[in-house]
Each structure stands twice: as structure tokens, then as C-alpha cells.
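I opened the model today to look up a few residues and the links between them. My notes follow in the order I made them.

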Amino acid sequence: MVGVFINGIAAFIGAVLGVVLKKGIPERITTALFSAIALCVCIMGIQGAVKTENILLVLASMTIGTLIGTVLQLEERMHRGGEWLKNTLGASGDSRFVQGFVAVTIIQVVGAMSILGPVQAALLGDYSLLYFKSVLDGVASIIFGAIYGMGTLPVCIIIMAYEGLFYVLAHLVSPLMTTDVIRELNAVGSVMILAISLNMLGITKLKVADYLPALFIPIIYYHLIASWL
């Protein structure tokens, strides 16, 4: 859970700095920062993906997982949840506090990285994605804190509650994590990390949330299928 708390704290500190600064931050600076971080995320995805010893399993996992996610419309459901949150909170008034809270919540909570990060931390003990997300959220919070003010401060609570939920759910299946499962699950997750980086760079608009069911295919394969082969 340490990575989850760090993510929340980073968002809070960033928001505080933004509120204190209250000055417009040049777009060229934010663009440069995000592109640099996106490139690092890309390298992290590549490094993890090439460690697979069963590329066919990675392919099958991504194919089956994407099919399930697309049928369930996970990406669309996440966005609809974000719009519902926006409309619900916006109904209480059009203050800058509400605008800031809604904007930052949608950006930092409604996304595949908010799920994939805590899942990898729980199943693999790998907090690197959560740490990367902490940097992203910290930078974004500075920007939005300067624009919207105090409304960005409570978002850290939402981040920790949301990511903490997925961390606990993933931790329940940890007894099934053998060496083979961990290696291939990490490879599948790394493919998703690469997809996230491509979206961050503006190269693609991949629906990464639809890939999330692929994380469970290596577990199913090694515990239910491999023994029959």
C-alpha cells in the first residue's frame, strides 16, 4: 500500500504548491515534462515485456483479455463513471472549487494506470508504475492547483481510496502467484504500460482499460491449463 499512499501524497503536495504559486504555468514547460516522463514510461514497458519466456501466452492473454474488456466496454464504463461524477458534483454549483475537484479527479483517478498500478504492486510487488503515476499526478496537481485553487486538495483522498480498493482486491489472489505466473503477468502488464506511454505521447488513442482482463489470463493458464498440456 506504500505506493498508493505516495501517489496520494504527491497529488496533495502538488496541489498545495499550485495553490501557493497561483500563477499561470507555460504550456511549453508542462508539455516538455509530460513528454519526458512518457518516454521513461515507454522504456519501462519495453524492459518488462521483453522478459517473457512465453510470447504466445502474452499474445493469447492480450487477445483474450482485450476481447473480454471490449465486450464489457470497460473503457466506456470508466469514462461514463467520470462523466457521472462530473455531472453529480457540478450540480451542487459552478464554483471553481467544484470545477477543480472534478477536473483533477477525472484526470488522476479515471484511467487504466490507476488500476494497473495497484494491481502490479499487489501481485508482483512492483511499485514502479505507481511511482511514475505519482510524478505525473504531482505535476498535474501543481498546474490545476494554480488554476482552480483549494478544490484540488481533496482529490488525494479519492486517489488513495480508489487505488487502495484495487490493491486489496488483487492481493486476494496473491497465493496463486508462482514464478512463471509473475514473469508472464509482468510481461502482459508491461505491454499495457507501453500502450499508456504511447497515449501520453499523443501517438495513439488506445483504450487501455479494455486490456485489463488480460492480467488474469497467465494465472488461469498456469493453474488450470498448463497441467493438461
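In which helix is Val 20 found? I looked it up in the model, which is predicted: Val 20 is found in helix H1. Is Val 20 buried or exposed? I read a relative accessible area of 62% for Val 20, and since the cut-off for exposed is over 50%, Val 20 counts as exposed.

I then checked the surface around this residue. Val 20 belongs to a nonpolar patch of about 860 Å², together with Met 1, Phe 5, Ile 9, Phe 12, Ile 13, Val 16, Leu 17, Leu 21 and Val 168. Helix H1, residues 2–21, gives the largest share of that patch, eight residues.

Next entry: Ser 197. I found Ser 197 in helix H9, which covers residues 179–200. Its relative accessible area is 0%, so Ser 197 is buried. Leaving aside neighbours within four places in sequence, I list Ala 38, Val 41 and Cys 42 as the contacts of Ser 197. I also noted Ser 35, which lies 162 residues from Ser 197 along the chain, with 9.0 Å between the two C-alpha atoms. The side chain of Ser 197 reaches the backbone oxygen of Leu 194 at 2.6 Å.

Next entry: helix H7. I get 21 residues for H7, residues 128–148, and 29 Å from its first C-alpha to its last. That is close to the 30 Å expected at 1.5 Å a residue. Just after H7, Gly 149 has a positive phi of about 85°.

Last entry: salt bridges. How many salt bridges does the count come to? I have six. One of them pairs Glu 163 with Lys 133, the closest N and O atoms being 3.1 Å apart. This pair links distant parts of the chain, with Glu 163 in helix H8 (residues 155–171) and Lys 133 in helix H7, 30 residues apart. Glu 163 counts as buried because its relative accessibility is 1%, and Lys 133 counts as buried at 3%.

I also looked up Arg 183. Arg 183 forms a salt bridge with Asp 180, with the closest N and O atoms at 3.0 Å. The two are three residues apart in helix H9, so about one helical turn separates Arg 183 and Asp 180. Arg 183 is buried at 18% relative accessible area, whereas Asp 180 is partly exposed at 34%. Arg 183 forms another salt bridge with Glu 184, the closest N and O atoms being 2.7 Å apart. Salt bridges with shared partners join Glu 53, Asp 180, Arg 183 and Glu 184 into one network.

Definitions and conventions: Residues numbered from 1 in each chain as written. Predicted model: local features only at pLDDT ≥ 70, side-chain atom pairs only at ≥ 80, totals over all residues. Heavy atoms only, no water. Helix = DSSP H or I, 4+ residues; strand = E, 2+ residues; numbered from the N terminus. Buried < 20%, exposed > 50% of the residue type's maximum accessible area, 1.4 Å probe, protein only. Contact = heavy atoms within 4.5 Å. Polar contact = N/O pair within 3.5 Å; in protein donor to acceptor, adjacent residues only side chain to side chain. Patch = residues over 30% accessible without salt bridge, like charges linked within 9 Å, V, L, I, M, F, W, Y side chains within 5 Å. Areas by Shrake-Rupley, 256 points an atom, 1.4 Å probe, with all protein chains shown as cover. Salt bridge = Lys/Arg side-chain N within 4 Å of Asp/Glu carboxyl O. Expected span 1.5 Å × (residues − 1).
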